[in-house]
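Student: I would like a close look at a single part of this protein. Please keep it brisk.

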Amino acid sequence: MNKKIIFGVYSFTILLLLNAFTVSAQKETFDIITYTAPQGWQTDYKHNVISFTNTNNKKKTWCQIGIYRSTASKGSIESDFDKEWSELVVKQYKAVDLKANEATTTDNWKVKAGLGVFSFNNAEASVMLTTMTGYDVCVSILAISNSADYTTDIQNFLESIDLQKPANAVTGSVSANPSTLQNTKAVNTGNYAFSTTNFDDGWTSTVQEDWIEVKKETVKVLIHYPKEGTIFPADPEPLTVAAWNILVAPRYSNLKNFKTSYISTYDRPYLGMGSVTENSSGKEVYVVLFRQGQSGWIEFVCPDKASFIQNFKFDPDAIRWDSESDLLKPLAQMSGYNKFAVAASDFKGSWTSDFTGVQQLYHAYTGNYAGMNINQSNEAFEFGAGNTYNWKLLVVNGMVGATKYANVQSTGKFTVPNNWQLRFTDIEGKPKLCHAYFSCIKGARLLHLLDAQYPGSGIYTVYGKK
């Protein structure tokens, strides 16, 4: 799912939208941002920034827009914004009169924007910074200009921008053969029908108390649930060591040849590896601990290093900061095996999905507050006896003080045509078929629904049980 980040020179607006839109112009990509370059502007590529510059010598006006390569987050949007403002604005332009909006949050992205003024050739110019933090990275966009003439150009450019989520986010692309599903009881099933999935490619996933266990032949993979103390702002080595000590070390002994490594890219992958003795069996095994983007920490357990290389097609000891990140795709893709079938008996109770998007409006030159626009939605299913359901959708949007809302609802019955789909008799006045599956976190499950009429969108609505 893409995120749109839009802000203009005159009104300085931040807007996060749920869905991508298309434009006819040619798209280009820099780091995690896709954009349409302004026509006729000079483009300058550097390692950490791509900038676009336009100068009108007759009017003595100019404008420059820069997209800065993503860096590791310091752990909060406030810390990231302060760092970027200091490094990109204060140090470069000696800007003053910072006006900043409150941070907003949408789908794991936190956004904060600010503006200021600085002196250039004895005249006043404006600088606008937007910093976005999510998936353990932050990225910034900077626009500077000495004239409002470039308002439309800047708006057109920024309206073309897509901020990409990490490529290894779960999309439900891993297929499973419903005929091989097992109604197997496992630890922490939570009274759900299916706690084991046998995938077509030979992997078998089973729900466990602290992880999803995925096995094939002699290889075992543990998809760890999030745990306190394993993700925090730090350099790669101390972060990986901390996660290893919490998630891995208690179940092993006699650690040998331990090392950490990483690859320098926008969704930096972290690796820790070594040979250990498994406390439960007394056998020596080779363990690799991995995390990238939103994959969470994933533990790979093999009989030895050679079997790891055979299964995952690379030597972890050879990974360096400048290695090709595609080497680690086989590891990142394992997060997709946190996927379990559905049954009619699984849904009793309330399931909800919420979204909030905020536009903060400021005058680019005076800094005066110009109001706030809100886009908010709440969608809920209440499943009852006899496969009945009540569905509600509340949408609120508009400027604060003049918001409008829409409230739609329907009732009906649902069926489960197979273990990977749900059919509703009435959603927005017509029947609806959805692809469906559960993913697990500690002590709970998340329900993923995708409109079967538009499967190519790849966008699931995720519901949590109240």
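Student: Where do phenylalanine 81 and tryptophan 85 lie, and how many residues apart are they?

Tutor: Both lie in helix 1 (residues 77-93), four residues apart, about one turn of the helix. Helices here are DSSP runs of H or I with at least four residues, strands are E runs of at least two, and both are numbered from the N terminus. This is a predicted model, where local features need pLDDT of at least 70, side-chain atom pairs count only at pLDDT 80 or more, and totals for chains, interfaces and linings use all residues. Residues are numbered from 1 along each chain as its sequence is written, and side-chain values use heavy atoms, with hydrogens and water left out.

Now the spacing. An α-helix has 3.6 residues a turn, so residues three or four places apart point the same way.

Next, burial. Phenylalanine 81 has a relative accessible area of 1%, so phenylalanine 81 is buried. Tryptophan 85 is buried too, with a relative accessible area of 8%. Buried means under 20% relative accessible area, exposed means over 50%, and partly exposed is in between (1.4 Å probe, protein chains only).

Then the rings. Rings of Phe, Tyr and Trp (its six-membered ring) pair if their centres lie within 6.5 Å; planes under 30 degrees apart count as stacked, over 60 as edge-to-face and the rest as tilted. By this rule the count comes to 26 aromatic pairs. Phenylalanine 81 and tryptophan 85 form one that is stacked, at 6.0 Å centre to centre with 25° between the planes.

Helix 1 holds another ring to look at. Tryptophan 85 is buried, with a relative accessible area of 8%. Tyrosine 93 pairs with phenylalanine 118: the ring centres are 5.0 Å apart and the planes stand at 40°, so this pair is tilted. Tyrosine 93 lies in helix 1 and phenylalanine 118 in strand 9 (residues 109-120), so the pair ties together parts that are 25 residues apart in sequence. Tyrosine 93 and phenylalanine 118 are both buried.

Ring pairs link Tyr192, Phe347, Trp351, Phe381, Phe383, Tyr389, Phe414, Phe424 and Phe438 into a cluster.

Charges over rings come last. The test is NZ of Lys or CZ of Arg within 6 Å of the ring centre and within 35 degrees of the ring normal. Lysine 339 lies over the face of tryptophan 420, at 5.8 Å from the ring centre. Lysine 339 also lies over the face of tyrosine 437, at 5.1 Å from the ring centre.
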